[in-house]
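This report describes one protein chain for a reader who is new to structures. Please look at the sequence and the model before reading on.

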Amino acid sequence: MGYSEYMRPNLPQRSATIWRRLATVLSAVAVVAFALAPSSAALAVTTVAAPKVDTVVIVLSPFLTWGDVTSTAGSALLKVAHDGAVANMNSITADAGWPTVAGGALTLSSSRWTAGPIGTAADPAHLPAIKAANAGSLDAPDIGALGAAIRGAGDRTSAVGNSDEDTSTPSGTRRPAALLAMDRNGAIDLQLTAAGLLATDTGAPFGVRADPKQMRTAIRIALAEQPALLVIDPGDLERAHDAPGQSPEQSASSHAAAVQSLGTVVADVQAAVGSRRVLLMIVTPATDKPYYQPPYFGPTILSGLGMHGELTSSSTHQPGLLTNFDMAPTALSALGIQTPATMVGQPMTAVGAGGAGAIDASVAQLDRLGTTVGAIDYLRDLLFIPYFAWSAAFVALLAALIALVPSARLLVRPARWLVLLALCVPGGAWLMFLVSRYPTTSQQAALAFGVATLGVFALVLGLTAALKSRAEIPVLALSTLTSLVILADQWTGRPLESGFFSYSIRAGWRYYGMGNEGAALLVGASIVAVGLTCDLYASSRWARSLRLGLMPLVAVVAIITAAAPFAGANAGVALWGIVAYAVAWLRINGVRVTWKSALGMLAAIVVLIAAFGAIDMMRGSAETHLGRFMSEALHGEFSAVGDLAFRKAANNIGYISQTPYTWLALASAVALSATRWIGARPLVAALRERPGLAAALAGVVVGSIAAALTEDSGVVMPALMLFAGGLPALYLCLADASQETLDPDVT
């Protein structure tokens, strides 16, 4: 049977066999997922553990830097860091503009992004204003969740200190310690946050500073009440940051004095603890960060529970990196209190031995990582994404135009090179970290990306020259390379993560696993690689085995890598990825997509998502969005289904006008449609000769539509999937034109 013959639809004698194989393969995805997951005898149910500590003491340290911690030898802050565990923590909140200390405190409490009040006092007495500031949020925070969980367990909460500035106006009253400790009704068992804790000092910002004696007394009174939670806010760091009209020298002096005040408070806490088992947490709820300037993270230091070395959590899976969502679950875990389902963070753990030398090395690494993240983010958001999207859109439209216009055939070869260069970009975006692992500036990052991309381009041009008789070779090589670098990055501990097609650690959308951009490129490129492989080996003796087995094998590897909670944790790929691979597999085996196949895909999606959700819950706590969603459903919170659908729809609509990827998606669609329907229809001819690629492109198109409807990123998904699947097809249109006009002797 010839290769073109098996592409004919309506083969009833083989349909049943193919469907049995499809069911077997898709079922195997779930089986393999269970096999690769951490073992567990049964679904774990979150239980209340025995208390590990008597009191959790949280000291707020807004605008603190690692330089502040290490600047003074023998200081209380440095000693706690040496004796305890450290990490970077982001300070993203729902505040409009820069994160605020009030928004940071509320975010720490709710374990969801929360905004502080606008134009009014930031204290529990103004809870209605706080709720109003968060009304209409797509991911509504449970304001006061931490205090409510502690008081609901029969324990006490306390707050000491304030960040009051100009108290002649409502917005000058700032009590972030109380915001962090309060329950859902704004109640706290002991609140020592009055202005009496401040001493008049004409040389201090706003003319006041924390009174050391009054603060020491208040801390001792609060601890004598034996609270489960004590939140302390000296306030001087926020006042030093907000004071208007300071020269750089005055600002530096005020900040240094505030750091010294913070160290005094930490020493007072340690002296007042006595025999109580205490977990001390020094947390930075806000950083001094214009959007693209360091510091991108704030220091977090924990002392107690035998923690040493670097902190991490299941939210990030990265030593030395935490989210501000993790603070509340950590406090509750230490107190033996069940974490509410509304919280999305995870308890912190420590890795490493700790000690002065180890902490010094850790702090240096934390500073370096933060600088690299900022350099990459600056380049990606301001330059890479718009230039890549517009350039790729231009290349797609130019390739279509040249393929359609006979008089432009002299431009075929340069256009082919442009298409290949565009397809080299994803490989270069990951491999750049092999050129420079930790670029410290955007210029270094750009240089590393350029070197990696041009290196890939040179190799592909060499491959094209050596194997010019097979036009499919260069695009097959690039599709395979893109797939392999993404898979390798995920399975080797993500050494190349936080790149141009990855998530932003600084922005906080995702902290581990595979982002939507990487997943779209992986699925699109791998499907095209399989289709082209089947085309290249259509006449070989193993052609039928490739058609039947290669796509399911690649699908299993890619979907598990992208969607499994122990790997990429991008559960949406289990939905639209199955659609994309299944459509391509059916088409490549000559079976039409019907309502029966649609039901089969739906069944496979349900089985796989259930399997991944169960695996996540087996791990003791729901770490991924899917696991948390299933946990909420099991707790009877069925409104989560509607909330999830609403958030995705709202995000998808918003992205259409906000991202340049919209134009890439439109340009790709126009280019493919034009070459499919206009003039000599070069795309039809190219796909007729390459039915494997035709099947792959069908899977990419259908899968991209499914992804656009189900993922938060919306139009970004079809843009990158059509880039990965459509540009190879346009390249082959140009290659066919080149063979007809420029290389007539090539067979």
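Predicted model: local features only at pLDDT ≥ 70, side-chain atom pairs only at ≥ 80, totals over all residues.

Residues are numbered from 1 along each chain as its sequence is written, and side-chain values use heavy atoms, with hydrogens and water left out.

The chain has 26 helices and twelve strands; these are DSSP runs numbered from the N terminus (helices: H or I, at least four residues; strands: E, at least two). Of its 747 residues, 57% are buried, meaning under 20% relative accessible area, with exposed over 50% and partly exposed in between (1.4 Å probe, protein chains only).

A nonpolar core is a set of buried Ala, Val, Leu, Ile, Met, Phe, Trp, Tyr and Cys residues joined through side-chain atoms within 4.5 Å.

| Core | Size | Members include |
|---|---|---|
| Largest | 125 residues | F388, F501, Y661 |
| Second, separate | 46 residues | V56, A122, M182, L302 |

In the largest core, F388, F501 and Y661 touch the most other members. Beyond its neighbours within four places in sequence, Y661 is in contact (heavy atoms within 4.5 Å) with residues including I385, F388 and F501.

On helix α13 (residues 356-404) lies Y378, which counts as partly exposed because its relative accessibility is 34%.
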